[in-house]
Amino acid sequence: MIDNARVCVSDAVTNVVRHARVPVLAVEVTVGAEHVVVAVRDDDLRRLPWPRRPRADEEGGRGLMLVRRLSHASGVTWVWDGLDLVGKQVWFELREGVALSA
């Protein structure tokens, strides 16, 4: 699970740095008895993360596909402060038994 967490966190944070280009991001980790949920949050409301199918010769574009493949569940949710929309977060849940595969 640790290897999958490293890959997923790295990809989610890299996407924020590369695409949202915000000065601050937050990583929240919730540990349960049989799972871990990680959320990477930013406050850029203009750019939504979306998985795509990159061409074979492209260097990037596989991050969200990897997160989906390595996690038990994943998604994107809006972050609200009362009635104000203040950000978004990419989250994923990791469980034992979901292994890194090619």
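Student: Which residue takes a positive phi in the hairpin of β3 and β4?
Tutor: Gly82, with a phi near 65°. The hairpin has 2 residues between the strands. Keep in mind that this is a predicted model: local features need pLDDT of at least 70, side-chain atom pairs count only at pLDDT 80 or more, and totals for chains, interfaces and linings use all residues. Residues are numbered from 1 along each chain as its sequence is written, and side-chain values use heavy atoms, with hydrogens and water left out.

Student: How many bridges join β3 to β4?
Tutor: 9 bridges, and the two strands run antiparallel. Strands count as paired if DSSP finds at least two bridges between them. β3 covers residues 73-81.

Student: What is the bridge partner of Ser74 in β4?
Tutor: Phe92.

Student: Zooming out, in what order do the elements of the chain run?
Tutor: From the N terminus on, α-β-β-α-β-β. That gives 2 helices and 4 strands. Both kinds are DSSP runs, numbered from the N terminus: helices are H or I with at least four residues, strands are E with at least two.

Student: OK, helix α1. What does α1 reach from its first C-alpha to its last?
Tutor: 26 Å, close to the 27 Å expected at 1.5 Å a residue. The expected span is 1.5 Å times one less than the number of residues. α1 has 19 residues, 2-20.

Student: Which residues in α1 are buried?
Tutor: Asn4, Cys8, Asp11, Ala12, Val16 and Ala20. They cover an arc of only 135° around the axis, so they sit on the same side of α1. The arc is that of the directions from the helix axis to the C-beta atoms. Buried means under 20% relative accessible area, exposed over 50%, and partly exposed in between, with a 1.4 Å probe and protein chains only.

Student: What covers the buried residues of α1?
Tutor: The cover includes β2 (35-42), α2 (63-70) and β4 (84-95).

Student: And which exposed residues does the face turned away carry?
Tutor: Ile2, Arg6, Val17 and Arg18.

Student: What happens just after α1?
Tutor: Arg21 takes a positive phi of about 50°, although Arg21 is not a glycine. Arg21 is found in the loop between α1 and β1 (26-31).

Student: Is Arg21 buried or exposed?
Tutor: Exposed, with a relative accessible area of 67%.

Student: Last one. How much of the chain counts as buried?
Tutor: 25% of its 102 residues.

Conventions. Contact means heavy atoms within 4.5 Å.
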